[in-house]
Amino acid sequence: MEKNDTRLKKVMVIITIIITVLLVAFIIYALKMNLLTSKDILVEKIKSFGFIGPVIFLLLQVVQVVFPVIPGGASCLAGVLAFGPIEGFIYNYVGLSLGSVVAYLLSRNFGLPLIKKLFQQETIDKYLKYIKDKKFEKIFFLGILLPGAPDDLLCYIAGISEMTLKKFVIIILLAKPLTLIFYSLFVKLF
C-alpha cells in the first residue's frame, strides 16, 4: 500500500509541475498580449479564436484561480460577455471549478510556503486561524458561495486544512453556481 501511495504522490507532483509550467507560460503570454489588463481586449481575443475560444477561456479561468493575477469577477463577466449568460455560466463554472481543484492540490503538495508566495501574509493569517476547528468548512462554503470573498485563497487554505478532496469538490460544485449566476444576471441587467 505504501508503494502505491509513494507512486501516486510522485505522479501528482509530476502532474502539478507540468500544469504549473503550462499555466506560467499562459500567464506570460496573456500579460504580453494585455489580456489581463482590459476586459474588452480579453473578450475580443476570446472571440477571435472561434470554436476553440471556449477552451482558451477555460484555461484562463483555471489560471486566474491558480495564479490570482486578475480578479475572478472580471474574468467571469468577460465569459458572460463573450459567450452569453448560459454558455458563459457553464464555461465559468467548469473553468473555476477545475482551477479550484488545481489550487487545492498544489497547496496539498507544496503547503504554506506556496500560499505565502501568492497572497499577502495579513490575508493568509486571517483565514489560517479557522483551519484548526470546524469553522473553516463553514467559512469556506460561504466564501465560495458569496461574490467578493477571497475564494482563490480559500481554495489554497483548504489544501493545507484537514478537509478531504471529496468534501472540497462537493462544496465547490454546490456553492460556486450562485456566485456565477450573480455575475450572469449582473451583465444581463446592464
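**Helices and a nonpolar patch in a predicted model**

Visitor: What makes up the secondary structure of the chain?
Guide: The chain has nine helices and zero strands.

Visitor: Why is Phe141 called partly exposed?
Guide: Its relative accessibility is 31%. Buried means under 20% and exposed means over 50%, so Phe141, at 31%, falls in between and counts as partly exposed. Phe141 lies in helix H7.

Visitor: Which helices each supply at least two residues of the nonpolar patch?
Guide: Helix H7 (135-145) and helix H9 (165-189) do.

Visitor: How many of the residues count as buried?
Guide: Of the 190 residues of the chain, 42% do; the cut-off for that label is under 20% relative accessible area. The chain exposes about 10900 Å², with 69% of it supplied by carbon and sulfur atoms.

Visitor: Which element of the chain has the lowest mean pLDDT, and which the highest?
Guide: Helix H1 (residues 2-32) has the lowest, 68, and helix H8 (residues 151-160) the highest, 94. Over the chain the mean pLDDT is 82, and 82% of the residues reach 70 or more. Where pLDDT is low, the predicted coordinates should not be read in detail.

How values were computed
Residues numbered from 1 in each chain as written. Predicted model: local features only at pLDDT ≥ 70, side-chain atom pairs only at ≥ 80, totals over all residues. Heavy atoms only, no water. Helix = DSSP H or I, 4+ residues; strand = E, 2+ residues; numbered from the N terminus. Buried < 20%, exposed > 50% of the residue type's maximum accessible area, 1.4 Å probe, protein only. pLDDT = per-residue confidence, 0-100. Areas by Shrake-Rupley, 256 points an atom, 1.4 Å probe, with all protein chains shown as cover.
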